[in-house]
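User: I have a model open and want to talk through its chains. Can you take my questions one at a time?

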Protein chains: 4
Amino acid sequence: MSDVSELSPQELAERCAAALFERDRATRHLGMQILRMAPGVSVLRMTVTEEMLQGHDTCHGGYMFTLADSAFAFACNSQNAATVASGCSIDYIAPAKLGDVLTATAEERSRNGRTGVYDVRVENQLGDLVALFRGKSYQVRGPVIREEI
Amino acid sequence: MSDVSELSPQELAERCAAALFERDRATRHLGMQILRMAPGVSVLRMTVTEEMLQGHDTCHGGYMFTLADSAFAFACNSQNAATVASGCSIDYIAPAKLGDVLTATAEERSRNGRTGVYDVRVENQLGDLVALFRGKSYQVRGPVIREEI
Amino acid sequence: MSDVSELSPQELAERCAAALFERDRATRHLGMQILRMAPGVSVLRMTVTEEMLQGHDTCHGGYMFTLADSAFAFACNSQNAATVASGCSIDYIAPAKLGDVLTATAEERSRNGRTGVYDVRVENQLGDLVALFRGKSYQVRGPVIREEI
Amino acid sequence: MSDVSELSPQELAERCAAALFERDRATRHLGMQILRMAPGVSVLRMTVTEEMLQGHDTCHGGYMFTLADSAFAFACNSQNAATVASGCSIDYIAPAKLGDVLTATAEERSRNGRTGVYDVRVENQLGDLVALFRGKSYQVRGPVIREEI
């Protein structure tokens with residue numbers, strides 16, 4: 001067991017992500033994987049499955065949003081201060097299809113007092129931009145992880 | 001078999017919704033129900049299930065967004081012009097919990113040329129406001145339904 | 001001199017607006033007028049002048065935003081709790097031209113703890129919708145007015 | 001007189017900006033200066049004057065928005081296709097005060113068919129982030145400049 005305060009920012013980001021991922025049934029249920037964590041940064045991946053398709057036979061915007069929103073959540077909780085979303089926006093650039101492998105890269109643009117702004121790019125397996133997302137975060141009480149086991 | 005052009009706006013809204021719902025696996029897979037359709041208006045309902053919970057043990061914002069986004073899609077496709085989302089924003093007002101029954105009411109605020117703006121309120125079973133959503137729509141080619149069987 | 005706490009909500013909204021307007025050089029400088037105040041509601045008017053025109057010879061979006069933003073500010077400060085904007089979005093529906101008289105109607109959609117959401121419609125003198133605005137407010141310390149003289 | 005089609009992308013960006021600036025009374029009236037142009041990029045500067053102050057004695061959000069919106073307009077018109085804003089959002093990070101010199105840097109994030117997404121950072125003279133803006137553009141008919149004199 002070791003003290004959280006002894007972790008480097010990079011280790012802290014990884015431990016926060018592992019703890020959140022463990023508790024976050026929604027993110028796991030959708031088959032998302034964490035590809036990379038760093039302070040204020042996360043990269044998540046998800047494959048478009050049949051049950052994500054809407055009436056135009058492309059991925060429901062809600063699932064593209066959910067991937068981006070998860071990437072945002074992992075990025076804004078990477079510094080061990082429990083943080084929630086206050087609002088988000090998404091712009092759809094191109095449709096995603098069945099089997100597409102989507103990668104969401106979240107980066108902190110601002111953190112100031114209890115609020116922050118994060119941008120997320122969602123790309124497909126060809127590197128084509130699929131969606132741009134912006135999330136506003138609000139820091140609540142408490143840490144993400146308390147101690148290191 | 002009857003001509004689509006003979007339907008009243010209300011009938012058309014209901015037929016478009018039925019056709020979209022039939023094709024929209026994502027919306028059906030999440031257990032959403034259409035409570036009401038009218039021209040430019042839709043009301044959808046969804047119950048928060050275990051697999052929608054995130055790391056703070058409340059409903060993942062992505063699922064609240066997905067419900068609102070579906071309500072938006074049904075509302076903006078209710079006049080038999082195939083329409084997609086170009087961008088959306090959501091503001092989270094209160095968390096939703098396991099078992100909460102969420103109702104999303106979408107209303108057209110503007111339709112002008114090929115673009116439109118729709119507002120969606122998401123409330124829980126107590127009538128508490130949970131989220132406010134705004135969707136921007138873009139009309140593509142083609143109708144939602146071609147003929148009435 | 002009378003106590004602020006004895007004012008009705010309607011009187012309070014009017015006194016807050018009068019005090020804010022007095023201090024708000026930007027709003028006055030642009031020739032805005034307050035047409036109506038109520039708790040959580042404001043209606044402001046502004047005429048499009050020559051110096052508001054951009055390169056396409058229509059009103060610069062920034063001035064339509066500024067009118068909506070002022071209406072938002074008066075609405076969210078109408079309950080005597082000093083409140084600022086944390087973020088805003090605007091959708092442009094139709095252009096405004098030289099001489100157009102724009103009316104912005106702001107209404108509270110949600111107020112919850114220190115944060116709120118307000119919607120503003122901007123219309124021209126023909127009642128045509130020109131823009132839709134949504135503002136997120138954050139309550140800071142202190143009242144808008146302290147005592148009534 | 002020379003053909004527009006012979007200009008390099010950089011020259012074209014500069015000529016489009018010069019032509020727009022000439023026509024854009026709002027941008028000139030507020031004392032904005034163009035510091036830099038490149039394809040999809042613009043940097044504009046504006047000083048906060050007394051008539052830009054609102055009731056809290058800081059710069060009215062509308063003027064910060066207007067600066068960002070102008071930077072967005074110059075960036076999205078830099079490739080000689082006449083382009084207008086369809087919608088914008090702004091997040092306020094820190095207040096701006098009388099005399100602050102604000103610099104807005106606009107960068108294209110996506111351009112796809114007739115629509116685009118641009119991000120703008122607004123900083124003060126100390127390099128502090130003041131606001132983050134995102135603009136959605138829509139390409140209309142016609143060029144920005146027709147021929148080179």
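User: In which sense do strand E3 of chain C and E3(D) pair, and over how many bridges?
Analyst: Strand E3 (residues 83-92) of chain C and E3(D) pair in the antiparallel sense, over five bridges. Pairing needs at least two bridges found by DSSP. Strands (E, at least two residues) and helices (H or I, at least four) are DSSP runs, numbered from the N terminus. This is a predicted model; local features need pLDDT of at least 70, side-chain atom pairs count only at pLDDT 80 or more, and totals for chains, interfaces and linings use all residues. Residues are numbered from 1 along each chain as its sequence is written, while chains are lettered from A and ligands numbered from 1 in the order in which they are written.

User: Which residue of E3(D) is the bridge partner of C:Ile90?
Analyst: D:Cys88.

User: And how many residues does the contact take from chain D and from chain C?
Analyst: It takes 32 residues from chain D and 32 residues from chain C. Contact means C-beta atoms, placed from the backbone, within 7 Å.

User: Which elements of chain D give two or more residues to that side?
Analyst: Helix H1 (9-23), helix H2 (25-29), helix H3 (61-76) and strand E3 (83-92) of chain D. The largest share, nine residues, comes from E3(D).

User: How do the residues on that side of chain D divide?
Analyst: Into 12 nonpolar, 13 polar and seven charged. Ala, Val, Leu, Ile, Met, Phe, Trp, Tyr, Cys and Pro count as nonpolar, Asp, Glu, Lys and Arg as charged, and the others, Gly among them, as polar.

User: Switching to chains A and D. How many residues does the contact take from each?
Analyst: The contact takes 12 residues from chain A and 12 residues from chain D. On the chain A side, strands E3 (83-92), E4 (101-112) and E6 (129-139) give two or more residues each. E6(A) gives the most, with four residues.

User: What rotation superposes chain A on chain D?
Analyst: A rotation of 180° with 0.0 Å of shift along its axis, at RMSD 0.0 Å. The two copies are thus related as by a two-fold rotation axis.

User: What does the C-alpha trace of chain A span?
Analyst: About 50 × 30 × 25 Å along its principal axes.

Note on methods. Least-squares fit on C-alpha atoms with pLDDT ≥ 70 in both. Contact = placed C-beta atoms within 7 Å.
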